[in-house]
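Please look over the structure below before reading on. The briefing that follows covers surface, fold and charge pairs in turn.

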Amino acid sequence: MKRLYLSLLLCLSFVILTGMQARGGDLADILKQKGIITEEEAREAKKDKANEKTFKVLEKIDFKGDLRLRHDTQWRDEKGDVKYDRNRERFRLRFGFNAKTSDTTKVGVRLVSGSGYQNTTNQSFDDHGRGKGIFIDRAYASWKPLDFLKIAAGKHKNPLVTTPLVWDPDVNPEGISESLNFDVSDNVTIFSNLGQWLIEELKIKDSDRDPTLLAFQLGAQIKPSKKIKFELAGTYYDFLNLDELKWDKDGSLDDTTTFLGYNNKYGQQMIFDNDNKLLNEFQCWELMAKVNIKDVLPVPFSIFGNYIINVGADIDELIEKGGAVDKSDPDDLNKYSGDDRDTGWLAGVSVGNKKKKGDVYVKYFYQELEDYAFPAVFVDSDFHGGGTNNKGHYIHGRYFLANNIQARATGFFTERDDECKDGKKDEDRVQLDIVINF
């Protein structure tokens, strides 16, 4: 019985956090099948009303997690023929649960390893075996009042249909999102995803204008036959109140945990006016397209791509209105010769399945991302070491050793898109992974 109550105690701690009321179901047989409790213990649990109530509550909770073990090697050539080679052993741990709190509501929590940065959950093996950090990656509630409408609030999964050109898959926005889906016919679905996400909270007197992102996406899924599915989506990103962000001599451009510091370090020089207010603007339009084809080749395959442009980027205006401050001299932008450096694009293909033991999956894409196409703080942290002003190839393959165990290999072969401002930086990177889902 000690083993039984130990299992119940662990599960009950999550139940208390969700504040749920029990309803129908019995998990004793499931725990018995998994070898967690014996048949005799299962019978005793069913007789005990308190345990029975706990089992019923657990039926509404979906636990899941994964562990990724990684070898990561980088080879980089920098300005002045400087060579940089780096080898790291790393891991990523994610664990959480979704709990159905009513017929229309759900609560989700996920914890992850890493450094706390929004676009990476990797943790390196170093510091002579010191303990590693765990962070809250998701904490949200969702409500589905209608079949076609879902609302999520908190720190939640990015609902937008997009690619790694724009969003690192580790980024979980904070705020409110709405997702709508309408079946126009058996072959056509119209969808929309909206986001009102907080970027930073400013502790400024007499100001309630916190930097915020408003995202508007409209798309469609079209199935002309059982073998083909098209997916199209257009998205507008409006970054509001960025002019409330200010330069200060105490290190606003050195702190990479902030919007200003991260962008400035990773390819986007932040320019300020004579009042030290930020001049950079991001009003971005993105177009994404994908076609999935099955039952033509022995395995499914897809072709995908997207394009983004920041219509708010204006290099000439930044030079004209900018005031020279430490590490942010607008005259440095003259090297771009009036090019706003405001676009990016990606095109790729994937082949294979990724569901069960024996499946093989391969993905390739090529991308080019100019300096001011999208805030660097949100883009892929692995491609070219993170940030913007890059281009190159991505190659990824995985093999399913078991239904829940994968061997993966990923290669990045990248270079600086425009060397005129900060010199050469070519980088090749290889990542070898074992991923275990539980």
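The chain has an accessible surface of about 22,600 Å², a value from the Shrake-Rupley method with a 1.4 Å probe, where for residues only the protein chains shown count as cover; 54% of that surface belongs to carbon and sulfur atoms. This is a predicted model, in which local features need pLDDT of at least 70 and side-chain atom pairs count only at pLDDT 80 or more, while totals for chains, interfaces and linings use all residues. Residues are numbered from 1 along each chain as its sequence is written, and side-chain values use heavy atoms, with hydrogens and water left out.

**Fold and burial**
- The chain holds 6 helices and 17 strands, taken as DSSP runs numbered from the N terminus (helices H or I, at least four residues; strands E, at least two).
- Of the 438 residues in the chain, 45% are buried, where buried means under 20% relative accessible area, exposed over 50%, and partly exposed in between (1.4 Å probe, protein chains only).

**Salt bridges**
- The whole structure contains 25 salt bridges, each defined as a side-chain nitrogen of Lys or Arg within 4 Å of a carboxyl oxygen of Asp or Glu.
- R92 pairs with D66 in a salt bridge whose closest N and O atoms are 3.0 Å apart, and this pair links strand β2 (residues 82–100), which holds R92, with strand β1 (residues 61–78), which holds D66.
- R92 counts as buried because its relative accessibility is 7%.
- D418 and R341 form another salt bridge, with the closest N and O atoms 3.8 Å apart, and both residues are buried.
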